[in-house]
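Here are a few friendly notes to read alongside the model. They begin with a single residue and then widen to the chain.

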Amino acid sequence: GIFACQPKATLSSLLDVLDVEGDDTILIDTGIYDIGTNSLWVLDPSDQGKAGLPVVILGSTNTTFGGSVMNRVGSGSNPLLTLNGGHILMQHIMFLNGGLATADNVGLSDMIFTNFATVSMSGDNNSVQNASFYRSSLNINSVNGLVQNVTVSDAGITISGTNVTIRNTLVYGTNTSPAVAVSGFNILLENNTLATRGSAFVQTGLGGSTLRNNILIADGVDLFCIDAPSGTLVSDYNNLRAINNAWIGGYRNGNWEHLNYWQREAGQDQNSIAADPQFANASSGDYRLRSLTGRWNGSIFVTDTNHSPSIDAGYPISSFGLEPAPNGQVVNQGFDGNTALASKSRTNVWLLAMTANDGGVIKGTNTLTWRAGNAGESDLVRLEYSADSGASWTTIVSGISATQTNYLWNSTTVAS
């Protein structure tokens, strides 16, 4: 009811007697709210906010006693709650055994969806932030949508809208369908980690996507880090990790198993790497990057004995200012890049070879590239090649500055 001392038993019983408008807040107390198959909750357009003054549906933050839980009782696939009205902000609520459907101008924040609680968002200006999905999928068919700081376990994300951004999101687990499947237009994936048992990113249709600063894992026969048989694609500064007969990429006219083939034939990921990202403990769901100088373990920053190549490997002009010092002044790849919990950078001079670091064949004239951190003009590089699997090495060039980061090499002068 209107007063805390006169609560209604359910959200639907409150809406039956009260007219909800912009700037109203609905408080949902701690407890489990059972919703039967025939008593699903619906907010009609008559119960909606307005621009700048949303209706706020606020659950309990008392997680010690379970918070506010919407629970499906019995079978059924319809959403537990349908928001037909717009300008609604929903926070701090768990959906169990059933999902949520929305129309325009809906924001979901600090939410949990578990046990096949599918969320479907349609219309304009929808967002999901700081949310967790366990065995529950997220479907976005919005214009101007945002998915940020989201974790999806044992399920995936489907995007069919326009101008949708996915940022700082982790998708992992046993899901065998694509971690992110896209069929929309102007989709941006920035600083995400996609590591399921299916392909990492799949694009269909005539739309287009931009990918940068992501870690994309494909593990298994005929799976893809990037699979874009149609539409347009702009992809760079990612870590593409294809193992156990997976493909680095597929784009229009073919599939490629090594990064340098993907770069040469598809023209993508010229500044990307294909390396083990050195996750802290992927088998237990910890996909933070190992660091010699500091990795967040859930409680404090700890140090590791090895260092992830994805640290400081993102797009040089991407924002990095939220990362803790030392941050190398370059954003990390992966879901925690440009966040306060990003893994820390090395403070000494370092180099990372980028060309063909996952194998393959180099022929003709090639640009050999590397990344350098904390290096000055006086720090020099020597490039070598081996024709006998590393038993001996021949110098290509020496005495060039590490800050040059590339060298044009004509390999036709080398006997094959």
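1. N244 counts as exposed, with a relative accessibility of 52%; the classes are buried under 20% relative accessible area, exposed over 50% and partly exposed in between, using a 1.4 Å probe and protein chains only. Its phi is positive, about 55 degrees, although N244 is not a glycine. N244 sits in the loop between β26 (239-243) and β27 (247-251).

2. A word on conventions: this is a predicted model, where local features need pLDDT of at least 70 and side-chain atom pairs count only at pLDDT 80 or more, while totals for chains, interfaces and linings use all residues. Residues are numbered from 1 along each chain as its sequence is written, and side-chain values use heavy atoms, leaving out hydrogens and water.

3. H92 is another non-glycine residue with positive phi, near 60 degrees. The loop between β7 (88-91) and β8 (94-96) holds H92, which is partly exposed at 25% relative accessible area.

4. Do check the cis peptide bond from A325 to P326, whose omega is near -5 degrees. P326 belongs to the loop between β32 (301-302) and β33 (350-353).

5. For the chain overall, there are two helices and 37 strands; these are DSSP runs numbered from the N terminus, helices being H or I with at least four residues and strands E with at least two. The C-alpha trace spans about 85 × 45 × 35 Å along its principal axes. Of the 416 residues, 48% are buried.
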